[in-house]
Amino acid sequence: MVILERSYLFPTYNKFPLTLVKGNKTTLWDDEGKSYLDFMTGLAVCNLGHVPERVKMRIQEQLEQVWHVSNLFHIPTQEELAEKLVTISCADLVFFCNSGAEANEAAIKCARRYHQRVLGNERYEIITFEQSFHGRTLATLTATGQEKVKDGCLPLPEGFVHARFNDIQSVRSRITQKTAAIMLELVQGESGVHLAEPKFVLDLATLCKGKGILLIVDEVQTGIGRTGSMFAYEHYGIEPDIITLAKGLASGLPIGAMMGKEKLRDAFSVGSHASTFGGSPLPTAAGLATIEMLMEDGLFERAKKAGMYALDKLGNDLKTYPVIRTVRGLGLLIGIEFTEPVAPIIQKLHQNGLLVLPGGTHVIRFMPSLYVTNDEIDQAIDILGHVLRELDGSTN
């Protein structure tokens with residue numbers, strides 16, 4: 001690995017000591033030729049694995065045509081991807097941007113404008129949840145229910161209230177005449193893979209409908225097949241008013257999307273919002289190919305089965321290790337909770353050829369490609385077992 005004497009980047013990332021230069025399917029290679037089994041997928045971005053052939057071909061075709069066109073003109077791939085997303089979801093309209101944080105910003109803005117400009121009331125508050133994660137812009141870090149992301153960013157914008165996750169009474173106690181929307185992650189991935197309880201979600205949806213509050217579901221990490229369905233909300237039998245997407249939508253190209261119900265159309269009227277690069281030809285072409293592969297290859301069912309296999313095998317193979325507290329997940333978004341900080345374990349896993357990342361301080365996340373095989377899952381769990389024995393000083 002080449003180490004520069006000085007980096008000219010702001011030191012905003014605590015980077016792993018690896019330089020990854022090539023990827024194919026579930027494997028990555030560093031600049032020294034060492035291969036790694038990738039169970040990070042760029043933080044649930046490369047859901048189809050690395051360099052999926054059909055997406056690559058679509059990008060190459062688009063590269064020969066046009067790279068960027070202003071949103072002041074019609075963009076065919078943008079229109080096609082929007083239609084595709086509406087067809088496979090409960091949404092009616094789509095706004096494209098560049099990231100999950102931008103998608104959540106758009107959702108917050110749309111919710112406020114719906115109440116203030118369409119309904120004519122003064123609602124503006126958004127209820128989110130403790131331990132949630134919604135982004136790092138000023139609005140989305142304020143929406144995030146973790147204090148660590150807010151350090152040094154005061155004063156924070158007003159209008160955000162936090163409730164306890166999976167506690168409907170906590171939500172009820174925070175609703176006021178100012179409440180415009182409730183924003184929810186159905187799986188809180190960044191803080192440790194915590195799943196929303198089905199009854200809580202149904203009660204929350206009923207509560208929102210009864211009080212005229214918009215329900216926003218943040219699917220930035222859970223969307224695009226990651227949980228064993230196209231969207232995580234499908235597991236719960238609800239229809240959100242707004243859905244936000246990003247990570248896996250274009251197989252690694254930057255894109256974000258806010259999807260919403262028809263009633264929100266006038267909230268995002270001409271001139272009310274914009275994104276210079278949002279919905280450009282390249283990422284939307286990649287997004288079209290990504291959705292087509294997900295649908296044609298039956299990856300939802302594949303992810304569901306692979307996730308069940310991984311959860312079962314993790315539970316059986318690692319139950320003898322007292323350092324593991326529990327294993328939980330939905331589809332191929334899996335968290336392994338430890339009794340101690342996982343940073344040293346992750347370092348050892350990387351050294352042994354398995355790339356994973358933390359979820360909070362005590363959880364390791366498994367988020368492989370939706371094409372992951374049972375053999376690759378076995379290999380990953382074998383590496384984890386080997387590292388745990390090594391750290392425990394065992395020779396068994």
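Modeller: Let us begin with helix α10, whose buried residues pack against β3 (35-38), β14, β15, β16 (357-358), β17 and α11. Please keep in mind throughout that this is a predicted model.

Biologist: Which residues of α10 are the buried ones, and how do you know that they are on the same side of the helix?

Modeller: In α10, which comprises residues 343-351, the buried residues are I345, I346, L349 and H350. They cover an arc of only 135 degrees around the axis, and therefore they lie on the same side of α10. The helix is followed by G353, whose phi is positive, near 90 degrees.

Biologist: How do you know that the span of helix α9 agrees with its number of residues?

Modeller: Helix α9 has 19 residues, 299-317, and at 1.5 Å a residue they should span 27 Å; the C-alpha atoms at its ends are 26 Å apart, so the two values agree.

Biologist: Which residues of α9 are buried, and what covers them?

Modeller: The buried residues of α9 are L299, A303, A306, G307, A310, K313 and L314. Because they cover an arc of only 140 degrees around the axis, they are placed on the same side of α9. Their cover includes α8 (281-296), β13, β14, β17 (363-366) and α11 (374-392), whereas K305, M308 and D312, on the other side of α9, are exposed.

Biologist: What makes β1 and β15 edge strands?

Modeller: They belong to an open sheet of four strands, in the order β1-β2-β3-β15, with mixed pairing. Both β1 (20-24) and β15 (354-355) have a single partner strand, so one side of each is left without a neighbour in the sheet. For β1, pairing with β2 (residues 27-30) is antiparallel over four bridges, and L20 stands opposite D30 in β2.

Biologist: Turning to aromatic rings, how many aromatic pairs are found in the whole structure, and why is the pair of F129 and F165 called edge-to-face?

Modeller: A search of the whole structure finds six aromatic pairs. For F129 and F165, the ring centres are 6.1 Å apart, within the 6.5 Å limit for a pair, and the planes stand at 70 degrees, over the 60 that edge-to-face requires, so the pair is given that name. This pair links distant parts of the chain, since F129 is in strand β5 (residues 125-129) and F165 is in the loop between β6 (160-163) and α6 (168-174), 36 residues apart.

Biologist: Why is the pair of F129 and F200 called edge-to-face?

Modeller: The centres of those rings are 5.7 Å apart and their planes are at 85 degrees, so the pair of F129 and F200 is edge-to-face. Here F129 in strand β5 is linked with F200 in helix α7 (residues 198-211), 71 residues apart. F129, F165 and F200 form one aromatic cluster.

Biologist: Why is F200 called buried?

Modeller: Buried means under 20% relative accessible area, and F200, at 4%, therefore counts as buried. F129 is buried with a value of 1%, and F165 is buried as well.

Biologist: Why is N47 called buried, and what makes its side chain a partner of R226 in a polar contact?

Modeller: N47 is located in the loop between α1 (41-44) and α2 (53-63), and its relative accessibility is 1%, so N47 counts as buried. Its side chain and that of R226 make a polar contact at 2.7 Å, a distance within the 3.5 Å cut-off. Residues in contact with N47, leaving aside neighbours within four places in sequence, include G223, G248 and S369.

Biologist: Where is S369, and is it buried or exposed?

Modeller: S369 is in the loop between β17 and α11, and is buried, with a relative accessible area of 1%. A polar atom of its side chain lies 2.9 Å from the backbone nitrogen of Y371. Among the residues that S369 touches, not counting those up to four places away in sequence, are T26, T41, N47 and L332.

Terms used:
Residues are numbered from 1 along each chain as its sequence is written. This is a predicted model: local features need pLDDT of at least 70, side-chain atom pairs count only at pLDDT 80 or more; totals for chains, interfaces and linings use all residues. Side-chain values use heavy atoms; hydrogens and water are left out. Helices (H or I, at least four residues) and strands (E, at least two) are DSSP runs, numbered from the N terminus. Buried means under 20% relative accessible area, exposed over 50%, partly exposed in between (1.4 Å probe, protein chains only). A polar contact is a pair of N or O atoms within 3.5 Å; within protein, one must be able to donate a hydrogen and the other to accept it, and residues adjacent in sequence count only if both atoms are side-chain atoms. Contact means heavy atoms within 4.5 Å. Two strands pair if DSSP finds at least two bridges between them. The expected span of a helix is 1.5 Å times one less than its number of residues. The arc is that of the directions from the helix axis to the C-beta atoms. Rings of Phe, Tyr and Trp (its six-membered ring) pair if their centres lie within 6.5 Å; planes under 30 degrees apart count as stacked, over 60 as edge-to-face and the rest as tilted.
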